[in-house]
Amino acid sequence: MSESAVNGVTQSKVDEEQARRAKRAALKDLNITRLVRLKRHTGLIKRMRQSLGIENRDQIIKDIDSLTLEKYVDEIVGAVAEGVLRCKTEKDVWSAVEVISALHRRFAKTFTPAIVSSLTAALAPPSRAALAALTPEQREKEDSARVARQRPVLRVCAELALVGIIRDGPDRSGGEWVMKTVRDLLSNDPSLSSLPLLLVFLKSYSRPYLGIVPPSSSKQISANAEPGTLSENATAEAAQTNGANGAFPTLFNESEELVEKEIRDRFKKMCEGYFDNVAKKLVIEHNRLQEQDRRNHEAYIRSGEIFEDRQQAYEKMTKNYEKLLASCQSLSEQLYLPMPTLKTASQKSESIQIGMSSGSSLLGGESDELTGAGGKWEDEEERRFYEEIPDLKDYVPRSVLGLEGDGDEEKDDGKEKERQEKERVEEEVRKLEEELAEMKIDTDGGVTINGKGEEVVDDADELVSSSVPTPTPGTPKESPSTTPQMAPQGPSQLLTALLARLPDATNRTIIDQAAVDFAFLNSKAARKRLVKFMTQIPKNRTDLLPHYSRLIAILNRYMPDIGNDIVAALDDEFRYLQRKKNVVKELSEVRMRNITFLSNLTKFRVVPPHVILHMFKVCLDDFSGTNVENLAMLLEGCGRFLLRSEETREPFSKMIELMRRKQSMQHFDQRQLLLLENAYYQCNPPERAARQVKERTPMELFIRHLIYDVLTKKTIDKVLKLLRKLDWTDPVVLHTLHKVFTKPWKLKFGHISLLAMLTYDLQRYHPAFSIGVVDQVLEDIRRGLETNVYSMNQRRVATIKLLGELYIYRMFSSGIIFDTFWTLVTFGHPEGRPMPGQPSPIDMPDDFFRIRLVCVLLDTVGMCFDRGSQLKKLDNFLTFFQLYAHCKEPLPMDVEFMLSDSFEAVRPKMVLFKNFEEAAVAVDEMFSVALQNAGIPTVDGDAGEDSGEESGGEDDDEEKERGVDEDEEDEQTQLDSPIDERAPSPEAVLLKSSSTHENLGPTEDDDAEFAKELAKLVTDTSGDARKVDKKTALALWDTALPPPVVRKKRNEDVDEDGGGGAESAKDPGVMNFTLFTKRGNKQQASIIPPCHRGTRQIAIPAESALAVQTRTAQMQDKVEQQHLKRLVLNYEQREEAEELKALEERRRQGPIKIRLAG
């Protein structure tokens, strides 16, 4: 701040203090001399209770002057005491003092003692016994309320003591009374809850009560100042100086002071003693906080976490400490005393900051826009960090930076420096080119100069004297406290605080502000301290080096000695490390810090180009050992910058070429080769074409955005409405929607169910679209089974998941799900039966992905099949699925766990098979039962003896599986089966029990006897026949008829021949009958196709009574069948209409509810 501004501020303070003193003196005279008789009025009391502030002052004083109030003094005392509590600002306080003064002048003997007594009681300290009975939370709340009540009362009492209403005795002020009141408040307060009252008092009354005068603004407070003497020295200095030199001048003579000097001195000493106690308590609390922080770190190391109770205790301790620190800082400012020294933790990086964000990102806009492969910087953020450096001239006065001349001279000096630097670089480049031209690489990879094989020695080592002390890495600087501190007053303290903050300056804004703060503290000693600090950075804090380099670059423009000294120190350290090349492990971190620091300073143009090029040359001269790592780090750090800068492109490219030649000639281990290759391609990346971005229309981008980005549980209704608003007649939009809905792998796995829900909702409005989605999903599953490409596995999992979710929303029947199940375990295997050791090109024994697909589908829809025929279907599949799993090699642990979890969720009580043999037996038994239920007999042991049995044993496993599927249709499929599949009335069937296996054909006597017995059986109406009960008749009828499946197949064969029973014979004069034999109690239900010629077919003459009756019965049955067919079809049409109507109602109500089996 300039001297004129300081003088202006000081003069305004003088004027304000003089005005306040004049008002107080005038009011004091009135209070002592003037007595007035007034009239009585009680309406004044209400206004006094509301407030004695500035808004009611004029009316209250007017009422006091015009009303009679002698009988209401007691009430006025209570009203005034209550109104004082509502005085918040300085004007309100002064208004209250004027009102009390007016009442004092009217009722000096009755009002004044009473109001003083009331105010004294209001300022009484709290009772310790009462506070002890409260909990800590209640005590804190009570203290806050008490301080809020006593704050305006204390200010009013301080003013009343200055204006002569509160007095210690005749001809004495009330300073003693105020000091005693403040002392009582502070002495009975071990928790320092009354400290805010002292701060409020000192802020307004430190000058009249303590006699403290602000020190000269041109002088700083020494850190070694003794408490108790600083304010005396400041007051003495102020008394010896006048207002012209910027100090705070003497306001009044001693005779004009409102408080006696003895009381001022005692009051001041009391406050300074109290500050000492507060400072001691602050140091104790600070040490406790640091100790707790250390314990938290140890606990974190031991257990990996900090428990909640410990964290809460730490947060509470931190809150109390920060509150105490802020109060101590304010007290230090009011009393002009230095803050106590607070010890900081030795390692800030080891401290665990609870509840604070440990990371800090660089400020500024994040941009992914690259500057191009040919630019200096990798991205825009890096360019801004290294090139956009603030100019201190815009933030700091020119005088502080030492810029007394005009801008033209400064520009001329800058141009001259640039010209000299350019000439120096050119000279260095010329020498470097000469050295490179003289260098040759021999077959051993060594360097020869002018044909003489001698080792190239760094000439810089000769320049370094042996007396130069060895640079050391330096010890880590102590980090500042975890809580904010008041800025110290002296330049040395300010610089110490600034340097202590630097380890936390991990973003661009903080480091730029630190540079501005240092500019205000600029001096030769400060610059030396900064250089020393920068050369002692902890070797494990390489993350600070880019930010420190930015700080140096900002300051180097106006303080070039900082950059020169730091570069010189780093150069000396580099030379020292070259001499210590044999010390590899111990100095590895030091080398990394040195190279990283030099690289960052190079990119800020603080390191001259010839210096960094010389370091590259030194590493190339001895291209082995640690220099390989040094060269790699230099290339990674600033190689790209040097290779693309105009002034260094040519020499550095030659160095890179020389490095590549040496690398090809010398022998390096794999690690060194990898370091060099990575460093080379990082500074000189290869050219490659930019990836082509697929162009999409705005509508396509919008649809993708809706499904991939917006779709969630909360937004699904909104997405549905927007999708419905699209132009569904546009084929482009329809195609885009189809692609998006059939690629579930582009969504989050948890959102696939939402995609199925959308498909279900859209089915009501666009059924063809939903059908297309289902068809495409099934096609993708089939294509995945046919190709079995590993890279498509994630897509296949998402697709099978979508299929299950679509079934949950009733997009198709359960038949498709079971078809998918069976396809997953049979597709690609011979005859649809997987066998161990029998590989399939698309399903190898070591490929377990189909098991994953089945498990995903089971986890999605398995809980739906828990009753009825679907329960039995799923059980049969799970049996075969276990057979499929045992055909594989031993399952990996994750697949085994997935398989067991799926079985546990679907069938928790199912007993799993332990090996393939058990599973094969169970599968065979399952197929046998299924075929028997279908009426197709299984193959017996003596099946070879009978041609019918031979024909029944020709079914393969694939036909058995189809038989299982056809037999175990769900209830919906059974209801929808067409009526024309119903078997017609049976033809006449002849049963013959035969003990022989030879069939020689019937004789004429047999035919006659057969016709006689058959006619008798059909036309028999005797009473014995009618006595047979219904159950026995049904049994006899069932045994006399072939199974339904046999009848159906026989009829199909007859239909293929083009006619009915009688018309199917080749001879139109005969009628074929099928003969069934019976062995024991078991019918031989073998079907003999028409192409087979044998004794099973019997030709009966068409004119015989049996043929005529049979044909008549068939005709009647056919008429009846057609009539029943029409009735059933009409009934089914009505049922179908009702079902569609009910289904529409259910769809409107939402998806189905699934009962989870517990």
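What is the handedness of the crossing of H34 and H35? The crossing of these two helices is left-handed, where left-handed means that the near helix is turned anticlockwise from the far one by less than a right angle, and right-handed that it is turned clockwise. The answer comes from a predicted model, in which local features need pLDDT of at least 70 and side-chain atom pairs count only at pLDDT 80 or more, while totals for chains, interfaces and linings use all residues. Residues are numbered from 1 along each chain as its sequence is written, and side-chain values use heavy atoms, with hydrogens and water left out.

The protein holds 46 helices and six strands, taken as DSSP runs (H or I of at least four residues for helices, E of at least two for strands) and numbered from the N terminus. Of its 1158 residues, 41% count as buried, a class that means under 20% relative accessible area, with exposed set at over 50% and partly exposed in between (1.4 Å probe, protein chains only). Among the contacts in the protein with a separation of 6 or more, 76% come from residues 24 or more positions apart; contact here means heavy atoms within 4.5 Å.

Back to the opening pair. Helix H34 (residues 814-826) and H35 pack with their axes 9 Å apart and at an angle of about 160 degrees. The axes are lines fitted to C-alpha atoms, for helices over the stretch in contact, and angles run from 0 to 180 degrees between N-to-C directions. H34 and H35 are therefore roughly antiparallel to each other, given that angles over 145 degrees count as roughly antiparallel, under 35 as roughly parallel, 65 to 115 as roughly perpendicular and the rest as oblique. On the H34 side, the contact is made by Ile-817, Thr-820, Phe-821, Thr-823, Leu-824 and Val-825, and on the H35 side by Arg-850, Leu-853, Val-854, Leu-857, Leu-858 and Val-861. These residues divide into nine nonpolar, two polar and one charged, where Ala, Val, Leu, Ile, Met, Phe, Trp, Tyr, Cys and Pro count as nonpolar, Asp, Glu, Lys and Arg as charged, and the others, Gly among them, as polar.

H23 contributes Arg-591, Met-592, Ile-595, Ser-599, Thr-602 and Lys-603 to the contact, and H25 contributes Thr-626, Asn-630, Met-633, Leu-634, Gly-637, Cys-638, Phe-641 and Leu-642. By class, seven nonpolar, five polar and two charged residues take part in the contact of H23 with H25.

Salt bridges come next. Side chains of opposite charge can pair when their charged atoms come close. A search of the whole structure finds 34 salt bridges, each being a side-chain nitrogen of Lys or Arg within 4 Å of a carboxyl oxygen of Asp or Glu. One of them joins Asp-517 to Arg-501, with the closest N and O atoms 3.2 Å apart. Asp-517 lies in helix H19 (residues 508-520) and Arg-501 in helix H18 (residues 491-501), so the pair ties together parts that are 16 residues apart in sequence. Asp-517 is partly exposed, with a relative accessible area of 25%, and Arg-501 is partly exposed at 42%.

Lys-581 and Asp-622 also meet in a salt bridge, at 2.5 Å from N to O. This pair links distant parts of the chain, 41 residues apart: Lys-581 sits in the loop between helix H22 (560-579) and H23, and Asp-622 in the loop between helix H24 (609-621) and H25. Lys-581 counts as partly exposed at 27% relative accessibility, as does Asp-622 at 21%.

Arg-852 belongs to helix H35 (residues 849-861) and Asp-894 to helix H37 (residues 893-906), and the pair links distant parts of the chain, 42 residues apart. Both are partly exposed, Arg-852 at 25% relative accessibility and Asp-894 at 41%. Elsewhere, salt bridges that share partners join Glu-380, Arg-383, Glu-387 and Glu-388 into one network.

Finally, helix H28 (residues 698-710) has Glu-700, Ile-703, Arg-704, Leu-706, Ile-707, Tyr-708 and Val-710 buried. The cover over these buried residues includes helix H29 (716-724), helix H30 (731-741) and helix H31 (752-763).
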